[in-house]
Amino acid sequence: MTSSSWPRWRRPCHKNCVDETLSFEPKIIAFLCTWCSYAGADLAGISRLQYPPSIRIIKVPCSGRISANLILDAIRSGADGVLVSGCHPGDCHYQSGNYHARRRFVLLKNLLEFVGLESDRLHFTWISASEGEQFAAVVREVTDRVRGLGPATRFVKHLPDGSGK
Amino acid sequence: MSQLNETITRALRERAGDLLAAGTVDAFVGFTTGTVPMVMRPLVARTPEEARQFVWNSFCVLNPANFLPELVQTLSGEGQVRVGVVATGCWSRNMVVQIQENRLRREQIHIVGIASRGMVLPRRVRALFAGREITRVEEKEHELVVSGPGFSETVSRWSVVRDNCRTCSHPNPVLFDEMLTSHSTRNPVADRFDQIEEIERMTPEERYQWFQGEVATCIRCYACRNACPLCYCPTCFVDESRPQWVGKSLDPVDVSLFHILRAYHCAGRCTDCGACEAACPMGIRMRLFTRKLEKDVLALFGTEAGMDPGQPQPLATYGLDDPQDFMLRG
Ligand code: SF4
Ligand code: SF4
Ligand code: SF4
């Protein structure tokens, strides 16, 4: 993949960045539920835990609110990875949002892999408000796995001039 | 006409006529011969005389469940109604789905069941006679006699039956008020998900190439969506513009996302009736995507769509111990 066909916002910053694997810092969109996982991320920050700057957090009311549309929109816009996290089973603020989400997510992940998305681009997890350490660990792991794949190409939409969608 | 179809056609005309005459139903939905060979036309009969036009054969590929709720609603302007309808296994399961989704009430329909022998995909027949004009197709017990200017040839019926009918697991209606035929004893195929497993065994790169090739010729006409009894959203996601989840162009990513989302919306609801594939002018096999979901729903949640009107749909409910090994940490 040539740098000119990358979406504008994540082309290599200067001409010396020729080795993509060295220069590649993935962009990962994280959908976090406000009650548990977002609070977990907040705790990681307050506790000054180190984790890669690859993540872009989007706060949502509940993991049950995260639709296939949102995930696919992140992918077509050029996210190298997507992380989705909600409250642990039994902890949902709305009782059952995460249980419903769990059924939808497994079907979506399987379907996307079936049509050729790399398995390591899309991750789901449960993180509670007290799990700052776990949040940092998950971001490290997801970043490593996505970095191993290199920049996203499949289902990323490009305009004919090579810019993003 | 084959003996069997003739018997069913005769019984259908008679039963529909009786039900209409007795006032048990206010209208009856079936099929009649269209103007083009191998294309059947849906027919709504309001009188016993009209019911005499019903025909049953292997070309009834449209799914009457598709327009049933709207028909009931339209007729309801005249008060309480009940609509009679013919149904094979998959069609009856679509009606179950509609009852689960409150699109229909059980007492609004009177289902006359027919055990399906499998429907023929006209595209398959036309492909056999590429370049020649087919003006007439006559169905015999196990053959089709295809004729046109200067030719008349026989093809085996089963060789041109639709893929979904070949792997059908429920040829008999699961919900019916009466049966026109005896129950089918057709053996379900040993492994109906063979085709899906074959794709699953490919590498991600191969699967990506396969998928791109599979949808490459889609012209975004949405005939597949329009033929599907599950697709009744007042504003379909493909028509939404704020935000626009899927671009309207023929860009491969737009086309891919359309097919991914359309299939995903059918998860736990699709009965593999094959109306989508039969309607597609480009021969796209979009059932491969819905069947992947069907396979997973069965494997993960142990259910099949439209089997019991009293049960919730798999994605409208959950289990406390649903599988979650796909997650990063349990
Ligand atoms: S494709 Fe989806 S949004 Fe469109 S009508 Fe069908 S179910 Fe509704
Ligand atoms: S998606 Fe296709 S096979 Fe499934 S119910 Fe709709 S028309 Fe039938
Ligand atoms: S009917 Fe066929 S060509 Fe039309 S939108 Fe569906 S898959 Fe594409």
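## A guided tour of chains A and B

Begin by selecting A:R48, which is found in the loop between α2 and β2 of chain A; helices (H or I, at least four residues) and strands (E, at least two) are DSSP runs, numbered from the N terminus. A:R48 has a positive phi of about 55° although it is not a glycine, and A:R48 is exposed, with a relative accessible area of 73%, where exposed means over 50%, buried under 20% and partly exposed in between, with a 1.4 Å probe and protein chains only. Most residues other than glycine have a negative phi.

This is a predicted model, in which local features need pLDDT of at least 70 and side-chain atom pairs count only at pLDDT 80 or more, while totals for chains, interfaces and linings use all residues. Residues are numbered from 1 along each chain as its sequence is written, chains are lettered from A and ligands numbered from 1 in the order in which they are written, and side-chain values use heavy atoms, with hydrogens and water left out.

**Chain A**

Next select strand β1 (residues 28-33) of chain A, where six of the six residues are buried. In a regular strand the side chains alternate between the two faces of the sheet. On β1(A), one side carries A:I28, A:A30 and A:L32 and the other A:I29, A:F31 and A:C33, and all of these are buried.

Now move to A:E118, in the loop between α4 (97-114) and β4 (122-126) of chain A. Is A:E118 buried or exposed? At 12% relative accessibility, A:E118 counts as buried. Leaving aside residues up to four places away in sequence, A:E118 touches A:L149 and A:R154, contact meaning heavy atoms within 4.5 Å.

**Chain B**

Turn to chain B and select the open sheet of five strands in the order β2-β1-β3-β4-β8, whose pairing is mixed. The strands β2 (40-45) and β8 (178-179) of chain B stand at the edges, each with a single partner strand, so one side of each is left without a neighbour in the sheet. Inside the sheet, β3 (residues 83-87) and β4 (residues 109-113) of chain B pair in the parallel sense over five bridges, with B:H110 as the bridge partner of B:G84.

For the loops, select B:P243, which is placed between α9 and α10 of chain B and is joined to B:R242 by a cis peptide bond with omega about -5°. Then select B:D272, in the loop between α10 and α11 (275-279) of chain B; this residue other than glycine has a positive phi near 60° and, at 9% relative accessibility, counts as buried.

**The ligands**

Finish with ligand 2, where B:C228, B:C270, B:C273, B:G274 and B:C276 come nearest of the 13 residues around it, a residue being near if one of its heavy atoms lies within 4 Å. Around ligand 3 there are 14 residues, of which B:C218, B:C221, B:Y222, B:C224 and B:C280 come nearest. The elements that give two or more residues to the shell around ligand 3 are α9 (223-227) and α10 (252-265) of chain B.

Conventions:
Two strands pair if DSSP finds at least two bridges between them.
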